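Please look over the sequence and the model shown here before reading the briefing that follows.

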Amino acid sequence: MRILAIGAHPDDLEILCGGTLAKYSNKGHKIFMAHLCNGNMGGKDISPEELAEIRDKEAKKAGSLINAEVLGPIAGDLDLYNTREMRRGVIDIIRYAKPDIIITHSPDDYMPDHIITSQLVFDAAFTATLPNYKTKYPAHELITPIFYMDTVVGLKFQPTHYVDITDFFEIKKKMLLCHESQYKWIKGHHLSDPINLIETMAKFRGLQCGVLYAEGFKIESVWGRVRPIELT
Ligand SMILES: [Zn+2]
């Protein structure tokens with residue numbers, strides 16, 4: 001299968017579905033990791049331009065640990081809007097990746113880039129299948145099923161699917177540790193240690209489904225999107 005995960009910022013996918021992507025990769029599936037924003041606001045002592053470059057390198061390093069192809073960005077942080085131009089950008093990510101499954105943010109997540117990413121992906125995944133809607137790449141044949149990944153710290157999120165990532169928690173952690181520029185920033189700005197955050201969340205979701213570490217997902221269950229497929 002071809003799995004396309006679309007997050008807002010470099011490091012969101014590692015935090016919210018990195019174990020699942022590692023598990024898919026280990027099974028031989030093709031993984032695409034896209035971030036729509038360039039991460040240029042995730043700091044205060046580095047210029048936005050410089051930070052965007054650093055974060056691009058960190059994202060590629062993290063993706064390389066699971067042989068994922070890293071795609072994006074299409075906007076700066078907090079410059080992501082649900083516009084025609086940006087929808088076309090997401091359509092081309094989908095048309096390029098030709099996914100069987102898309103994983104993205106929950107519409108109930110905590111900040112605008114995450115919420116708009118979710119909306120853009122929902123809208124683009126349908127539009128991407130229309131041959132008469134011309135963009136850089138030809139139409140994708142499948143109205144791709146969408147799984148929403150957990151919200152950051154799991155608030156306002158009740159999973160419908162759980163993935164046992166017990167054997168992939170270490171690689172998830174390694175992937176997140178590639179985002180070196182973010183430790184100090186996240187600790188200072190959001191008052192949480194990212195490693196503690198992913199460990200607590202994975203244990204909490206694990207507790208709910210009877211394994212040590214898990215990631216939670218919610219299927220988008222509207223007409224045309226639901227398929228008889230299993231998440232890993
Ligand atoms: Zn984010």
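The buried residues of α7 pack against α1, β6, α5 (169–177), α6 (182–190) and β7, where helices (H or I, at least four residues) and strands (E, at least two) are DSSP runs numbered from the N terminus. This is a predicted model, in which local features need pLDDT of at least 70 and side-chain atom pairs count only at pLDDT 80 or more, while totals for chains, interfaces and linings use all residues. Residues are numbered from 1 along each chain as its sequence is written.

**Helix α7**

- The buried residues of α7 are Pro194, Ile198, Met201, Ala202, Arg205 and Gly206; a residue is called buried if 20 or more other C-beta atoms lie within 10 Å of its own, exposed if 12 or fewer, and partly exposed in between, with C-beta atoms placed from the backbone.
- An α-helix has 3.6 residues a turn, so residues three or four places apart point the same way.
- On the face of α7 turned away from its buried side are the exposed residues Asn196 and Leu207.
- With 16 residues, α7 reaches 23 Å from its first C-alpha to its last, close to the 22 Å expected at 1.5 Å a residue, the expected span being 1.5 Å times one less than the number of residues.
- Just after α7 comes glycine 210, which takes a positive phi of about 80 degrees.

**The sheet and the helices on it**

- Seven strands form an open sheet in the order β3-β2-β1-β4-β5-β7-β6, with mixed pairing; two strands pair if DSSP finds at least two bridges between them.
- Why is one side of β3 and of β6 left without a neighbour in the sheet? β3 (69–71) and β6 (161–164) stand at the edges and each has a single partner strand, so one side of each has no neighbour there.
- Strand β1 (residues 2–7) is joined to β2 by six bridges, and the two run parallel; in β2, isoleucine 31 is the bridge partner of isoleucine 3.
- Helix α1 (residues 12–26) lies across β1, β2, β4 (101–104), β5 (146–149), β6 and β7 (214–219), and runs at about 175 degrees to β1; axes are lines fitted to C-alpha atoms, for helices over the stretch in contact, and angles run from 0 to 180 degrees between N-to-C directions.
- Helix α7 (residues 194–209) also packs on the sheet, touching β6 and β7, and its direction makes about 75 degrees with that of β7; two residues are in contact if their C-beta atoms, placed from the backbone, lie within 7 Å.

**Where α3 and α4 cross**

- The axes of α3 and helix α4 (residues 112–127) come within 8 Å and cross at roughly 60 degrees.
- This crossing of α3 and α4 is right-handed; a crossing is left-handed if the near helix is turned anticlockwise from the far one by less than a right angle, and right-handed if clockwise.
- The residues making the contact include Met86, Val90 and Ile94 of α3, and Leu120, Ala124 and Thr127 of α4.

**Two buried loop residues**

- Leucine 36 lies in the loop between β2 (30–35) and α2 (48–64), and is buried because 29 other C-beta atoms lie within 10 Å.
- Not counting residues up to four places away in sequence, leucine 36 touches several residues, among them Ile6, Ala8, Gly72, Pro73 and Val90.
- Histidine 9, in the loop between β1 and α1, counts as buried because it has 27 C-beta neighbours inside 10 Å.
- Among the residues that histidine 9 touches, not counting residues up to four places away in sequence, are His35, Cys37, Asp77 and Asp113.

**Backbone details in other loops**

- The peptide bond from glycine 72 to proline 73 is cis, with omega near 0 degrees, and proline 73 is found in the loop between β3 and α3 (84–97).
- Asparagine 67, in the loop between α2 and β3, has a positive phi of about 55 degrees although it is not a glycine, and counts as partly exposed because it has 13 C-beta neighbours inside 10 Å.
- Lysine 98, in the loop between α3 and β4, has a positive phi near 45 degrees, in a residue other than glycine, and is partly exposed because 17 other C-beta atoms lie within 10 Å.
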